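Subject: Structure handover

Hello,

Here is the structure you asked about. My notes follow below it.

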Amino acid sequence: SLANSAKILPTQLEFIDIAGLVKGAAEGEGLGNQFLGNIRQVDAILHVLRCFENSDITHVSGSVDPLRDAEIIETELILSDLSVLEKHKEQAEKKARGQDKDAKALLETLAELVPFMEEGNPARRFSKLSDSIVKEQIRQLQLITAKPVLYVCNVNEQDAANGNEWSQKIAEKAKSENAESVVISAEIEEQISQLDDQEEKDMFLSDMGLETTGLNRVIRNGYELLDLITFFTAGPKETRAWTVKNGSTATQSAGKIHTDFEKGFIRAETIAYDDYIAHNGENGAKEAGKMRSEGKDYITQDGDIMLFRFNV
């Protein structure tokens, strides 16, 4: 509204929903792991865990136990990864016989990684991940259990604000794994999605003791999990949000918009988000001396409003 933009274009995270895995999925139980190939290229895994009792909604295991559910899923993902590692090991052994240095290095990593995972450990906890070469090897293997994890605790409406005993146990599990957890109520999310007016939504959330929707909390946690930030471009034509990795330079951020912006980068006219709001937009910020001219090595900050000057 401050930029008087004709269009508003948000940035987005894409979520790929796959069917819940049951015990034995790696051996073909239930729907098997036929879906897992679709998610090997994703950046993170969200485990949506049932943390509520409801006799009208059956549970595949016959009882509610989110810790057990999380362990079943992780075990199936580990088994799926181990089958992938077996194939890579066979390929690497063939190449190593031809004196392929990369194949030999991979076999050395697999000699430790496979037994580690066979003990029930996900690849993301492998101690050698701090080694940049090992980290790159595992990235190329596209192991599902190497990806960062967010546990999403789905609770009853009355537990949405403060969680419950189950969500607390999941929070403790997440902490012990250096992972994150978030509490949502799918019941509330469904009701909010049916409200068109923002004021109605805000009142509904307030009545529930909530500041924001569960979906927004999942998105925010997702950004933190992936170490992402948002910068904006804003003008009469459109205000648009862009996602970049935390630590991105001004030129890398420019390249997110168009490669020509990165190639011909001259400077980035930048206003911090708080300054933009406090001074009523670009002109006010400029008059207050809050617009900065930043060079190619400037590190983009979360919420920056940026105008890129370039020449190609």
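Asn178 sits in the loop between α4 (165–176) and β4 (180–184); helices (H or I, at least four residues) and strands (E, at least two) are DSSP runs, numbered from the N terminus. This is a predicted model: local features need pLDDT of at least 70, side-chain atom pairs count only at pLDDT 80 or more, and totals for chains, interfaces and linings use all residues. Residues are numbered from 1 along each chain as its sequence is written, and side-chain values use heavy atoms, with hydrogens and water left out.

Asn178 is not a glycine, yet has a positive phi of about 60°. Its relative accessibility is 74%, so Asn178 counts as exposed (exposed is over 50% relative accessible area, buried under 20%, partly exposed in between; 1.4 Å probe, protein chains only). Asn280, in the loop between α10 (273–278) and α11 (282–287), also has a positive phi, of about 65°. Most residues other than glycine have a negative phi.

Strand β7 (residues 265–271) has five of its seven residues buried. Six bridges join β7 to β9 (residues 305–310), running antiparallel, and Arg267 stands opposite Arg309 there. Two strands pair if DSSP finds at least two bridges between them.

The largest nonpolar core has 18 residues (a core is a set of buried Ala, Val, Leu, Ile, Met, Phe, Trp, Tyr and Cys residues joined through side-chain atoms within 4.5 Å). Leu85 and Leu110 are among those with the most contacts inside it. Helices α1 (66–97), α2 (101–118) and α3 (132–141) each supply at least two of its residues.

Regards
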